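Please look over the salt bridges in this model. The notes below take them pair by pair.

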Amino acid sequence: MAHMSRNLARTLIGVTVLGLLAVVGTACASDGDVAAPTSTPTDTSGGGDGLSADIVGLWGEDAAGTPHLEFTSDGEVRGSDGCNGIFTTYTVEDGRLELAQYVSALKACPGVDSWLRGVRAAELDGDVLIALDATGARLGELSRAN
C-alpha cells in the first residue's frame, strides 16, 4: 500500500510540475501567440476616421533586426523593436494615435536599440510615422513600407 501512495504522490508532483511549465511557457510566448483583444479604433477628433484609415499598414521594415509596427483596421498593432515581438491596441484621440502599453517578450538583444518599446503615441507626417513617448517627446520615426 505504501508503494501505491508513493506512486500517487510522484504522479501528482509530475502533473503539478507540468502545469507550472505550461503557465511559464504561456508567459514567455512570442508575439504571434498573444491572444488579440477585440478593439476597434475610435476617432474622437471630430474629423471622421481619416487618421484611422491612414495609419493602417506596415511602418518600417518587417525584417530581422529592424523595428517595425503594423496597424490593422480593427485597432491592433503588431511589430518588433528589432528583437522582441510587440503587441498592443490603438485609438485615435484628437488627431493623434494613442497606443496602449505593449505586451512584449523581454529577450536580451545585444546591439539592438529598443526605442520602439517606449512608444505610447504617434503622429503622421505624410508617409512618416513619428513615434512619441507618454510625455509627447519624439522617440524616432518609421517610414511607410512600400
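1. Arg144 is partly exposed, at 26% relative accessibility (buried means under 20% relative accessible area, exposed over 50%, and partly exposed in between, with a 1.4 Å probe and protein chains only). Its partner in a salt bridge is Asp127, with the closest N and O atoms 3.4 Å apart. Asp127 sits in the loop between strand 7 and strand 8 (128–132), and Arg144 in the segment after strand 9 (138–143), so the pair ties together parts 17 residues apart in sequence. Strands here are DSSP runs of E, at least two residues, numbered from the N terminus.

2. The model is predicted: local features need pLDDT of at least 70, side-chain atom pairs count only at pLDDT 80 or more, and totals for chains, interfaces and linings use all residues. Residues are numbered from 1 along each chain as its sequence is written, and side-chain values use heavy atoms, with hydrogens and water left out.

3. A salt bridge requires a side-chain nitrogen of Lys or Arg within 4 Å of a carboxyl oxygen of Asp or Glu. The count by this rule is three.

4. Arg117 and Asp81 form a salt bridge through their side chains, at 3.1 Å from N to O. Arg117 belongs to the loop between strand 6 (103–104) and strand 7 (121–125), and Asp81 to the loop between strand 3 (76–80) and strand 4 (85–93), so this pair links parts that are 36 residues apart in sequence. Asp81 is buried at 2% relative accessibility, whereas Arg117 is partly exposed at 26%.

5. Glu141 and Arg138 also meet in a salt bridge, at 2.3 Å from N to O. Glu141 is partly exposed, with a relative accessible area of 42%, and Arg138 is exposed at 52%.

Conventions:
Helices (H or I, at least four residues) and strands (E, at least two) are DSSP runs, numbered from the N terminus.
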